[in-house]
Amino acid sequence: MKQLFTLSTLLMLAGCSELFGRTYTVDELVADEALLSSVMTECRNNPGELRETANCKNAEAADGKLRLQRMRQALGG
C-alpha cells in the first residue's frame, strides 16, 4: 500500500513539473528576446501562481538587464 501511494505521488509530481517546462537562465533570456517576451507574458497573465517561479524571477532579471543595456546605448556608453 505504501508503494502504491509513493508511486502515485511521484507520478503526480512528474505531471505537474511538465506544466512549467524548462527553467531558463537570465543569459538565455537576454539572448532570445522572443522567449523573454513569452515568459514575461505568461508570468504577467498568472502572477498569483507564477510570480515566485524561477522562470519569472529570471525573466524579470533579464528584462532589467536589457533595459540597462539599452539605457547605456542611448546615453552613448
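This is a predicted model: local features need pLDDT of at least 70, side-chain atom pairs count only at pLDDT 80 or more; totals for chains, interfaces and linings use all residues.
Colleague: How many residues does helix α5 have, and how far does it reach?

Modeller: Helices are DSSP runs (H or I, at least four residues), numbered from the N terminus. Helix α5 spans residues 54-74, so 21 residues, and reaches 30 Å from first C-alpha to last, close to the 30 Å expected at 1.5 Å a residue (1.5 Å times one less than the number of residues).

Colleague: Which residues of α5 are buried?

Modeller: Buried means under 20% relative accessible area, exposed over 50% (1.4 Å probe, protein chains only). On α5 the buried ones are Asn-55, Cys-56, Asn-58, Ala-59, Ala-62, Asp-63 and Leu-66. They cover an arc of only 155° around the axis, which puts them on the same side of α5; the arc uses directions from the helix axis to the C-beta atoms. Exposed Arg-67 and Arg-72 sit on the face turned away from that buried side.

Colleague: Which cysteines form a disulfide?

Modeller: A disulfide is a covalent bond between the sulfur atoms of two cysteines; the rule here is a sulfur pair within 2.5 Å. Cys-43 and Cys-56 form one, with sulfurs 1.8 Å apart. Their S-S torsion is about -95°, so the disulfide is left-handed.

Notes: Residues are numbered from 1 along each chain as its sequence is written. Side-chain values use heavy atoms; hydrogens and water are left out. Helices (H or I, at least four residues) and strands (E, at least two) are DSSP runs, numbered from the N terminus.
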